[in-house]
Amino acid sequence: IDRGKGFFRASLRQTVSRGRRRGMVERGHPRLSISRQCHILELARSTWYHRPKGESAMNLDLMRRIDEQFLETPFYGSRQMRLHLRHQGIVVGRGRVRRLMRRMGLMAIYQKPRTSVPHPEHKIYPYLLRGITIKRPDQVWCADITYIRMRRGFLYLVAIMDWHSRAVLSWRLSNTLDADFCVAALEEAMNRYGVPEIFNTDQGSQFTGQDFTQALKDAGVAISMDGKGRWMDNVFIERLWRSVKWECVYLREFETGSQARQALGNWFRFYNEQRPHTAFDGRHPMDVYREGHSASKAA
């Protein structure tokens with residue numbers, strides 16, 4: 001029995017993210033205490049009780065400045081970003097800049113030495129798009145995560161994009177980098193638009209983890225991942241982030257998550273249905289997506 005319990009707990013740790021296990025704990029359960037539920041779920045009780053402390057006003061201002069500069073110079077690492085801030089009269093240590101960049105999910109685009117080994121349960125899949133001509137919707141989808149600044153904090157945004165039409169098929173906001181919000185965005189896109197042939201992401205843990213890759217495998221989707229540090233492999237969604245930040249995020253100062261969600265929802269509808277796209281002679285991304293489907297059916 002003990003061996004079976006150990007196998008169950010090991011499997012639980014490998015297949016269910018810590019964030020999702022944290023959400024399984026039920027306050028006020030009629031039979032199980034918080035401690036007992038945490039023990040069953042292989043979750044430290046302190047993890048369930050912990051509420052992350054927000055960043056200081058100074059750090060939030062630094063994050064805003066770093067984010068804006070990173071869009072202009074995505075090859076800046078913490079050293080160059082620290083020098084940039086110093087030239088603006090802001091004296092800050094490299095350690096703080098590095099920590100804030102990591103918290104925002106920002107990584108310079110140059111190749112780095114391979115100094116860490118991926119988790120053994122997080123398989124890295126090959127890049128499948130090299131030399132492929134993408135000429136129809138749902139041939140390739142892609143996803144990425146970016147940081148959204150708030151007045152008193154920050155959120156993370158994930159978007160699912162059709163590579164052919166550049167249409168945004170779904171998106172989600174989250175206050176953590178757990179994989180759950182990425183899986184929710186993926187499931188929404190597949191429920192609304194069907195299943196792509198190939199799905200491409202970077203090597204972020206949200207996309208390499210069991211929850212996300214299993215959803216793709218269950219749907220019969222081929223998984224593709226960028227080379228480490230190769231932001232150009234997912235360049236279309238990187239351009240989307242530039243547009244959404246300069247045209248939506250930087251024009252406002254969001255007080256709450258609901259304000260950010262509403263503004264982003266309005267902008268994504270505008271982007272899909274009204275914003276002319278230069279790559280398609282001024283046509284809108286969602287029109288290109290629908291026309292591609294109509295042409296496939298006619299053929």
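**Close-up 1. Glutamate 247 reaches across to arginine 275.** In this predicted model, glutamate 247 sits at 29% relative accessibility, so it counts as partly exposed. Its salt-bridge partner is arginine 275, and the closest N and O atoms of the two are 2.7 Å apart. This pair ties together distant parts of the chain, 28 residues apart. Glutamate 247 belongs to helix 11 (residues 235–249), while arginine 275 is in the loop between helix 12 (257–273) and helix 13 (285–298). Is arginine 275 buried or exposed? Its relative accessible area is 16%, so arginine 275 is buried, because buried means under 20%.

**Close-up 2. Arginine 64 and glutamate 68 pair up within helix 5.** Both residues lie in helix 5 (residues 57–72), and they are four residues apart, or about one turn of the helix. Look for the salt bridge between arginine 64 and glutamate 68, where the closest N and O atoms are 3.6 Å apart. Arginine 64 is partly exposed at 23% relative accessibility, and glutamate 68 is partly exposed too, at 21%.

**Close-up 3. Four side chains join in a network.** Zoom out from the last pair and you'll meet Asp61 and Arg65, which are linked with Arg64 and Glu68 in a network of salt bridges.

**Close-up 4. Arginine 283 meets glutamate 291.** Here the two side chains come together in a salt bridge, at 2.5 Å from N to O. Arginine 283 has 39% relative accessibility, so it counts as partly exposed. Glutamate 291 is partly exposed as well, with a relative accessible area of 39%. How many salt bridges does the count come to? The tally is 11 salt bridges.

How values were computed:
Residues numbered from 1 in each chain as written. Predicted model: local features only at pLDDT ≥ 70, side-chain atom pairs only at ≥ 80, totals over all residues. Heavy atoms only, no water. Helix = DSSP H or I, 4+ residues; strand = E, 2+ residues; numbered from the N terminus. Buried < 20%, exposed > 50% of the residue type's maximum accessible area, 1.4 Å probe, protein only.
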